[in-house]
Amino acid sequence: MTEEILSAVDGQLFAVWFLIGAALVFWMQAGFAMVETGFTRAKNAGNILMKNLMDFCIGTVVFILIGFGLLLGEDVAGLIGKPGLDIFTAYENFDYSKFVFNLVFCATTATIVSGAMAERTKFLSYCIYSGVISALIYPIEAHWIWGGGWLSQLGFHDFAGSCAIHMVGGISALIGAKLLGPRIGKFEKDKSGKIVKVNAFPGHNLPIGCLGVFILWLGWYGFNGAACTSVEQLGSVFLTTTVAPAVATVVCMIFTWIKYGKPDVSMCLNASLAGLVAITAPCDVTDCFGAIVIGAVAGLLVVFGVWLLDYKLHVDDPVGAVAVHCLNGIWGTIATGLFATTSAPGNDSIVGLFYGGGFKQLGLQLLGFVSVAAWTAVTITIAFLIIKATVGLRVSEEEEIVGLDSCEHGLPSAYAGFSIMDISNTMTMEVNENTSLGVSDYDAASAAMKEAAVKVETAPAAIPATGIYKVVVIAKLARFEVLKKALNDLGVTGMTMTQVMGCGVQKGAGEMYRGVEMDATLLPKVKVEVVVSKIPVATVIEAAKKALYTGHIGDGKIFVYNVDKVVKVRTGEEDFAALQDVE
């Protein structure tokens, strides 16, 4: 009797945990929203948030109508579940928990696609293909794996969805991004059409992206652990779900440190997700050693994936969704056939190649990968091509440059009340002249170097001087504090500072990101305005020149105004049109 009571209590506890796990998976939608928003540009933040909201809501509607039946309905020839509306006709006997649990997984598949196609996809098109994924593509292949279909009958193993969810979402993302084309300015071509340069577009809000990764990691404990049926199995799944992403992140940090000279923050954040994706399929059948190896490979695979898409496939994936979900979804599926061991709690039948199981399970895993990949590639391609031929996939060039927040949603900014500059290089010019003068110290620079960096033209003597001048200094954002201190030291304490953006004939100063030079055509700058009378103008100009000097042509611009005329003072960055007289 005692054992029966304990068994009943355990059953109730794990039934509750099953629903808690579903809630954690739902909470991952917030993580995806934060990661995608943080890793893209500010002008599209609201659009991305809207997409992540709607893929769950649209997914719920179509999953009720058709998706749930195709996934878990009565099996038809091992291929699909029989569609039904039991949720309406037999609600009193309906399996509510199973519906909610499978719904949140379905929504996860759809949201993966939005990241790779971000910043240039029509919102209507997104709604359509998100619905198609949730209604047809995911439910049918998931039936093969979890609904009693032919793959589950053969013994294919995917405990929580490396194949069924992440690989499917990643393949859909890859095909969608390829058909959609890159963002404006991502790739530069020569006259023959050959891509000669890949530009990097860093995300606008790394803290938000990092928060999203931690939210996803927390949700992944429900993602991987919700279907566990014993405390021992749950503990083992939690262990592997912790070890794999941690190892992946460490490996990625070391590799990027060596490759790029500095540990890459955003790549390491993606590596955490890559490790989680890779361990999802085998989390219940691997031990700690297996999780370590799986995570280590994932940490390298995510870096390789980003390189592969940028430099070989020339596919623009703003958030790295393909590298994280597609490649590591495949890796996790195959890794199950390599590292499965009966020492894992609850596993008494699945043994991988490296633990003496031979090639049987590995062969099944490869069969499942190929079958699901083929199904996904064919169906999502058809869906995208139909959408492209009817309502269109991509926004116009003007809409992309202005931003989807404004054009698609009438949202001036997702950050109302905050002063945010988008320093993206969407209008990249192809020329990037070498502006270095070779000497970065002002005092050590020759007169010619100083003149080239901050060239000054004296005003014609015919212009009468009143003794009161307005000096306007255009400087790099990073030099503002130095400039302010230099002016304060002269006794200039009153000033007005405005954030502006611009570039000169040098097309913007080259910056490095993941080993890629960024031609940021519109660079963040500050405009500092001061009025001087007792302090000699020449002294102010010399102090500003010294503060602005970094050893490059075009370190700044200085304009001097008197009461009657505007006097132009060139600083070596660009030629300006004649300035008109002012009162």
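What percentage of the 583 residues in the chain do buried residues make up? In this predicted model, in which local features need pLDDT of at least 70, side-chain atom pairs count only at pLDDT 80 or more, and totals for chains, interfaces and linings use all residues, the buried share is 52%, where buried means under 20% relative accessible area, exposed over 50%, and partly exposed in between, with a 1.4 Å probe and protein chains only. Residues are numbered from 1 along each chain as its sequence is written, and side-chain values use heavy atoms, with hydrogens and water left out.

The chain contains 18 helices and eleven strands, these being DSSP runs numbered from the N terminus (H or I and at least four residues for helices, E and at least two for strands). Of the contacts (heavy atoms within 4.5 Å) with a separation of 6 or more, 77% are accounted for by residues 24 or more positions apart.

Helix 9 comprises 30 residues (231-260) and should span 44 Å at 1.5 Å a residue, which agrees with the 43 Å between its end C-alpha atoms; the expected span is 1.5 Å times one less than the number of residues. The helix is followed by G261, whose phi is positive, near 90 degrees.

Eight salt bridges are found in a search of the whole structure, each defined as a side-chain nitrogen of Lys or Arg within 4 Å of a carboxyl oxygen of Asp or Glu. In the salt bridge between R183 and D316, the closest N and O atoms are 2.7 Å apart. This pair links distant parts of the chain, 133 residues apart, with R183 in the loop between helix 7 (162-180) and strand 3 (187-189) and D316 in the loop between helix 11 (288-313) and helix 12 (321-339). R183 counts as buried at 4% relative accessibility, and D316 is buried at 1%. R183 and D316 also belong, with R41 and E119, to a network of salt bridges.

K470 and E529 meet through their side chains in a salt bridge of 3.1 Å, N to O. Because K470 lies in strand 5 (residues 469-476) and E529 in strand 9 (residues 523-532), the pair ties together parts that are 59 residues apart in sequence. K470 is partly exposed at 34% relative accessibility, whereas E529 counts as buried at 19%.
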